[in-house]
Amino acid sequence: MKSFLHVGCGPQNKSCLKGFNTDDWKEIRFDIDQSVNPDIQGTLIDMGDVKNASVNAIYSSHNIEHIFPHEVPIALKEFHRVLTDDGMVVITCPDLQSVCEAVAKDKLLDALYSSPAGPISAIDILYGHRGYIAQGNIYMAHKCGFTYSALQSIFFEAGFKYTFGGSRPQHYDLWLLAFKKEISEAEMRKIAETYLP
C-alpha cells in the first residue's frame, strides 16, 4: 500500500480528498496543532519526525500560505526529502492574482464565496480567516502568497523535475502537481485527472 503525508490536515481525513480516498492509500496526518490529533505533530519547515524517502505522496491544502516567504523553500526541501524517488506533491493554495483583481474592484470585504467556515472575503484570503484568528487560532494567519508562476518556480528551485496545474480564478485558488522525477505527458494527464479538481 502506498502512503501519503497529509500536511496541515486539520480535522480532515482522506475521505474527502480526491484520488487519495481509496484503499490504495494509507494516510499519515501531519499538523502543527495537537488538538486535531495528527499522527505526527510538526511544522512545514521541520518534518524531522518523518523519515527520508518514506512517503509516496504529499497532499497540502491551504497551508503553505501560513509560513513566511523565506520559509517556503525550506518547506519544499522538506517535501522533497520525505518523498520517495517517484513521489509527488498535490498542493492547493490561494491565487493572489484573482484575489487582487477582486481587491482592485473594491471588493476587499465582499463575500467572494461560501465555505464550511462561512462567507469568505478577499481580506480573509489575503491575511487568514478573521473568525478563526479572532477565536485565538493564530495558526490560521496568512504570511505569504502565490501566483501560479511563482508557485511553480519555487518547486523547481527545490529540486522537483516536473509540474502541472493552474489557477481557478472563479474559486480564487491554485492547484499544482509536482514530481521528483520526469514523467511522460500521458502519465501526467492521467495523474492530473485522478487528483486535481
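In the predicted model, I32, I138 and Y139 together form a nonpolar surface patch of about 290 Å². Of these residues, I32 is situated in the loop that links strand 2 and strand 3. The relative accessibility of I32 is 34%, so this residue counts as partly exposed, the class that lies between the limits of 20% and 50%.

In soluble globular proteins, nonpolar side chains tend to be buried together. The largest nonpolar core in the model comprises 32 residues, and L5, I58, F79, V89, F146, L151 and F155 are those with the most contacts inside it. At least two residues of this core are supplied by each of strand 1 (2-7), strand 2 (25-31), strand 4 (55-61), helix 1 (72-82), strand 5 (83-94), helix 5 (148-157) and strand 9 (173-179). Helix 1 provides the largest share, namely five residues. Another core, of 16 residues, lies apart from the largest one and has F20, M88, I183 and Y195 among its members.

The surroundings of L5 illustrate the packing within the largest core, in which L5 is one of the residues with the most contacts. When neighbours within four places in sequence are left aside, L5 is in contact with I28, F30, M47, V50, V55, A57, I58, Y59 and V82. Among these partners, I58 is likewise listed with the residues that have the most contacts inside the core.

Backbone geometry was examined next. Most residues other than glycine have a negative phi. A53, by contrast, adopts a positive phi near 50° without being a glycine. This residue belongs to the loop between strand 3 (40-41) and strand 4. With a relative accessible area of 42%, A53 is partly exposed. A positive phi, of about 50°, is also found for H62, which is not a glycine either. H62 is located in the loop between strand 4 and helix 1. Its relative accessibility is 31%, and H62 therefore counts as partly exposed.

A further loop residue, H171, occurs between strand 8 (162-168) and strand 9. The relative accessible area of H171 is 39%, so H171 is classed as partly exposed. The C-alpha atoms of H171 and R130 are separated by 19 Å in space, while the two residues are 41 residues apart in sequence.

Note on methods
Residues are numbered from 1 along each chain as its sequence is written. This is a predicted model: local features need pLDDT of at least 70, side-chain atom pairs count only at pLDDT 80 or more; totals for chains, interfaces and linings use all residues. Side-chain values use heavy atoms; hydrogens and water are left out. A nonpolar core is a set of buried Ala, Val, Leu, Ile, Met, Phe, Trp, Tyr and Cys residues joined through side-chain atoms within 4.5 Å. Buried means under 20% relative accessible area, exposed over 50%, partly exposed in between (1.4 Å probe, protein chains only). Helices (H or I, at least four residues) and strands (E, at least two) are DSSP runs, numbered from the N terminus. Contact means heavy atoms within 4.5 Å. Patches are made of residues with over 30% relative accessible area and no salt bridge: like charges are joined within 9 Å, nonpolar side chains (Val, Leu, Ile, Met, Phe, Trp, Tyr) within 5 Å. Accessible areas come from the Shrake-Rupley method with a 1.4 Å probe; for residues, only the protein chains shown count as cover. A salt bridge is a side-chain nitrogen of Lys or Arg within 4 Å of a carboxyl oxygen of Asp or Glu.
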